[in-house]
Amino acid sequence: MNELAWWWPLSGGLLIGLSAALYLLLTGRVAGISGIAAQAIGVAGRGGRSVALGFLAGLLGGSLLAIAYIRQPQLMIEAPIPLLVIGGLLVGFGTRLGAGCTSGHGVCGLSRLSRRSLIATCTFMAVAGLVVFLMRHAFSGGAA
Amino acid sequence: MKTVLAALLCGALFGAGLVVSDMINPARVLAFLDVAGAWDPSLALVMGGALLPAGLAWAWTRRLPEAACGGRFPAQPSAAIDLPLIAGAALFGIGWGLVGFCPGPAIAAIVSGSREAWIFAASMFAGIAVHGLTIGRSDRGDG
């Protein structure tokens, strides 16, 4: 994986933060993708389906435009298919059970000083870090 | 209608942010989580960059009666730390650590045409649906 100068993640973060800020100020909603995804497929129980679909459509479009005109990411996905399925199911189910993800709890929750979001974020960060450690340094014999 | 257009704009900014930051790339995310290996601090910079405008916006909402398109601002989050929060975060953490995708990047990566991204995203939506149709009858909505 190539080196990435610090202004790329910082700028990307500012864009994400701007997205969350505008979403809140314009629509009064939280830019938590797990919740938006649930609303988009109609299982979030409080409607807002067309707004959620609009957000996701924008997300896809914005990604496409950024790839076309700003930078082309080199996606590297190493997981085999069974892990993709299990990982996906866990991310989908877990973010809904825990009422948020990296954008919902990590960005929106932390930025409004939510204790729930702080606990949730610390939990999923620590658990994810542990899983990566086990997969890369414990079970694989040390090969990164 | 205004709200849908606003969502479209915000979604576009979010998607662009995921590409610009390279958070759309699971390898970059896993490199941040891999604290014992070749550590990549990018995700921390992304979070830092995001918290600034988001924090300012939340502070500003205290002075506004309602959102521009007419929605009320979310209530202050409850302080209750309960089992679903912890269990959900843990399950999410496992899935995230296994592949390196969380919901936003997983959806954005669909546009790359990557077969792996499609499989993960489909499984993720399946997981969301399973929750929504079983346990998740009431929506907490706190993000």
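Residues are numbered from 1 along each chain as its sequence is written, and chains are lettered from A, and ligands numbered from 1, in the order in which they are written. In this predicted model, local features need pLDDT of at least 70, side-chain atom pairs count only at pLDDT 80 or more, and totals for chains, interfaces and linings use all residues; side-chain values use heavy atoms, with hydrogens and water left out.

Within chain A, helix 4 (residues 81-97) has the highest confidence, at 98. Helix 5 (residues 102-111) of chain A has the lowest, at a mean of 96. Helices are DSSP runs (H or I, at least four residues), numbered from the N terminus.

Contact (heavy atoms within 4.5 Å) joins 114 residues of chain B to 105 residues of chain A. The buried area is about 9,700 Å². This is the accessible area (1.4 Å probe) that two parts lose on being put together, summed over both. Carbon and sulfur atoms give 77% of the buried area. B:Phe14, B:Val20 and B:Trp58 supply 7% of the area that chain B buries against chain A, more than any other three residues.

Three salt bridges cross the interface. The rule requires a side-chain nitrogen of Lys or Arg within 4 Å of a carboxyl oxygen of Asp or Glu. A:Arg71 and B:Asp22 form a salt bridge through their side chains, at 3.2 Å, N to O. On the side of chain B that touches chain A, helix 1 of chain B gives the largest share, 18 residues.

Technical notes:
Helices (H or I, at least four residues) and strands (E, at least two) are DSSP runs, numbered from the N terminus. pLDDT is the predictor's confidence in each residue, from 0 to 100.
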